[in-house]
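Subject: Structure for you to look at

Hello,

Here is the structure I promised to hand over. Please open it alongside the notes below.

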Amino acid sequence: MDAVRLIGVGRRALAQSQDAPDIMREAWQAQALAQAIGSRLALQGPLELRGEARALTEAGARGSGGSVVPVVGAGGIRAAQLTGVGDVPEALRGLGMLLGDVGIALVAVASASFEEGAYWQCMEAIDAADESRDHVLEILRRLPQCEFRPRRPDSVA
């Protein structure tokens, strides 16, 4: 499934989340998607963006690979369905919005949390979403300066 479509699915799922575990699960899903998109861009994107794309991959991995991994629903890990990043600018704008929405939702969860462990888990997830979003915005900022021609992963740079 294309990145733009997966991001849309994630945004709808986050909007429909009813409680803290659902929101945490969607935050985890968003970070996994950030990791997958960053990885795709690091392999196939312009040489000038590969460092920042790798940083997005690493930030997404930290945000989706914490010590407490939520039980993923019947749909599984959405990022595993990523087949490509067709419209890179649109995908990055959507991912940035999704990560911003995740941060806002997590602030609400943290504010309502009465358990210290849950509060700090939310704070770490907020930091991870913010870091991923910063990398997305930096890639978007630099994208007009690059000529984007996707290359096959098995071709030589």
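How do H2 and H4 run relative to each other, roughly parallel or roughly antiparallel? Keep in mind that this is a predicted model. H2 and H4 pack at an angle of about 155°, and their axes lie 10 Å apart. Angles over 145 degrees count as roughly antiparallel, so H2 and H4 are roughly antiparallel.

First, the overall layout. The protein chain has five helices and zero strands. From the N terminus, the elements read α-α-α-α-α. Of the 157 residues in the protein chain, 43% are buried. Take the contacts between residues at least 6 apart in sequence: 83% of these join residues at least 24 apart.

Back to H2 and H4. The crossing of H2 past H4 is left-handed. On the H2 side, the contact residues include Ala20, Ile23, Met24, Ala27, Leu33 and Leu41. On the H4 side, they include Val88, Leu92, Leu95, Val102, Ala105 and Val109. By class, the contact of H2 with H4 divides into 18 nonpolar residues, one polar and one charged.

H2 also packs with helix H1 (residues 3-16). Here the angle is about 165°, with the axes 10 Å apart. H1 and H2 are therefore roughly antiparallel to each other. H1 passes H2 in a left-handed crossing. Ala3, Leu6, Ile7, Gly10, Ala13 and Leu14 in H1 meet Ile23, Glu26, Leu33 and Ile37 in H2. That contact has eight nonpolar residues, one polar and one charged. Note that Ile23, Glu26, Leu33 and Ile37 of H2 meet H1, and these four residues are also among those that meet H4.

Next, helix H5 (residues 116-142). H5 has 27 residues and reaches 39 Å from its first C-alpha to its last. That is close to the 39 Å expected at 1.5 Å a residue. Its buried residues are Cys122, Ala125, Ile126, Ala128, Ala129, Ser132, His135, Val136 and Ile139. What do the buried residues of H5 pack against? They pack against helix H2 (20-44), helix H3 (50-64) and H4.

Ala108 sits in helix H4 (residues 88-112). Is Ala108 buried or partly exposed? Its relative accessible area is 48%, so Ala108 is partly exposed. Ala108 and Ile23 are 85 residues apart in sequence, and their C-alpha atoms are 9.8 Å apart in space.

Best wishes

Note on methods:
Residues are numbered from 1 along each chain as its sequence is written. This is a predicted model: local features need pLDDT of at least 70, side-chain atom pairs count only at pLDDT 80 or more; totals for chains, interfaces and linings use all residues. Side-chain values use heavy atoms; hydrogens and water are left out. Helices (H or I, at least four residues) and strands (E, at least two) are DSSP runs, numbered from the N terminus. Buried means under 20% relative accessible area, exposed over 50%, partly exposed in between (1.4 Å probe, protein chains only). The expected span of a helix is 1.5 Å times one less than its number of residues. Contact means heavy atoms within 4.5 Å. Axes are lines fitted to C-alpha atoms, for helices over the stretch in contact, and angles run from 0 to 180 degrees between N-to-C directions. Angles under 35 degrees count as roughly parallel, over 145 as roughly antiparallel, 65 to 115 as roughly perpendicular and the rest as oblique. A crossing is left-handed if the near helix is turned anticlockwise from the far one by less than a right angle, and right-handed if clockwise. Ala, Val, Leu, Ile, Met, Phe, Trp, Tyr, Cys and Pro count as nonpolar, Asp, Glu, Lys and Arg as charged, and the others, Gly among them, as polar.
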